[in-house]
Amino acid sequence: MIILKTKKDIEHMAKAGKLLASCHREIAKRIRPGVTTWEIDQFVERYLEKHGATPEQKGYHGFPFATCASVNDVICHGFPNKQPLKSGDIVTIDMVVNLNGGLADSAWSYAVGNVSPTAERLLKVTKESLYKGIEQAVVGNRIGDISHAVQTHAEAHGFSVVRQFIGHGIGKNMHEAPDVPHFGPPGRGPRLREGMVITIEPMLNVGSFHAKVDDDNWTARTVDGSLSAQYEHTLAITKDGPRILTEQS
């Protein structure tokens, strides 16, 4: 069942989104060769605590960290670790912030030092694909219109769209209805209504869209070792168009 949010609910989530966005801006300052994703994770936990918030995914089905940290061929749900990042890597930091019960979810991919032209293009197109999807998040459209816009832009630039992991509704719980795939035909799925809050979070790969999961039952990788990137926003559907709750600008 899709739970519509009141204006008060959305304002509550917007506060969490503003904090999450500020955290990502701080992360961007810290991403460089030699830094570890473990250090980033520890920073995020301290930052959220300082601002009266908690990392919602920590403990979710046993997930042990404040962030997901996915490097190079890791698509999503990577574990932070103490291996230093090196120039040429790309890393995605994904987190869900709980601020007094209001939730917001956002992932962002970062270039570490000087990356290859392919990696640079992957990052650019993945971010563009997110915003192409957001453009379709208007009252009266369907979820499939978002999905189709993301897939069309990604594949037009030669990248594949991960099928195994998708966006979702969010509210009092981290994952709610509806599912928000990033592929498929337009005009299908639930119709978008004022008060819906969803995430759009395309994951694009240089190679195959297929994923495999490590023995830790969390870390998802590309099957061919190719690079993967992800960008994600939480947004509310309003009569005036999509309202991005996690915008960093």
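Student: How do the residues in the lining of the second largest pocket divide by class?
Tutor: By class, that lining has six nonpolar, six polar and six charged residues. Keep in mind that this is a predicted model.

Student: Got it. What volume does the second largest pocket have?
Tutor: Its volume is about 330 Å³.

Student: And which residues are closest to its centre?
Tutor: They are Val71, Val74, Asn81, Gln83 and Arg221, out of 18 residues that line the second largest pocket.

Student: OK, switching over. What about the volume of the largest pocket?
Tutor: The largest pocket comes to about 430 Å³.

Student: Which residues are closest to the centre there?
Tutor: Tyr60, His77, His168, His175 and Glu201 are the closest, and 24 residues line the largest pocket in total.

Student: Which elements give two or more residues to that lining?
Tutor: Three strands do: S4 (90–99), S7 (167–169) and S8 (176–180).

Student: And how many of the residues in the lining of the largest pocket are nonpolar, polar or charged?
Tutor: You'll find ten nonpolar, eight polar and six charged residues there.

Student: New topic: where is Asn72 found?
Tutor: Asn72 sits in the loop between strand S2 (68–71) and strand S3 (74–76).

Student: Is Asn72 buried or exposed, and why?
Tutor: Asn72 counts as buried because its relative accessible area is 17%, and buried means under 20%.

Student: Which side chain does the side chain of Asn72 make a polar contact with?
Tutor: That of Asp89, at 2.9 Å.

Student: What else does Asn72 touch, leaving out residues up to four places away in sequence?
Tutor: Besides Asp89, Asn72 touches Lys86, Gly88, Ile90, Ser226, Leu227 and Ser228.

Student: Nice. Last one, Arg163: where is that?
Tutor: Arg163 is in the loop between strand S6 (160–161) and S7.

Student: What does the side chain of Arg163 reach?
Tutor: It reaches the backbone oxygen of Val161, at 2.7 Å.

Student: And which residues does Arg163 touch, not counting those up to four places away in sequence?
Tutor: Gln151, Glu155, Phe183 and Phe209. There is also a C-alpha separation of 7.4 Å between Arg163 and His210, which are 47 residues apart along the chain.

Methods. Residues are numbered from 1 along each chain as its sequence is written. This is a predicted model: local features need pLDDT of at least 70, side-chain atom pairs count only at pLDDT 80 or more; totals for chains, interfaces and linings use all residues. Side-chain values use heavy atoms; hydrogens and water are left out. On a 1 Å grid over the protein atoms alone, a cavity is a set of points where a 1.4 Å probe fits but cannot get out, and a pocket is an open set with protein on both sides within 12 Å along at least five of seven lines; lining residues have an atom within 4 Å of a point. Grid points are joined across faces, edges and corners, and a volume is the space filled by probe spheres set on the points. Helices (H or I, at least four residues) and strands (E, at least two) are DSSP runs, numbered from the N terminus. Ala, Val, Leu, Ile, Met, Phe, Trp, Tyr, Cys and Pro count as nonpolar, Asp, Glu, Lys and Arg as charged, and the others, Gly among them, as polar. Contact means heavy atoms within 4.5 Å. A polar contact is a pair of N or O atoms within 3.5 Å; within protein, one must be able to donate a hydrogen and the other to accept it, and residues adjacent in sequence count only if both atoms are side-chain atoms. Buried means under 20% relative accessible area, exposed over 50%, partly exposed in between (1.4 Å probe, protein chains only).
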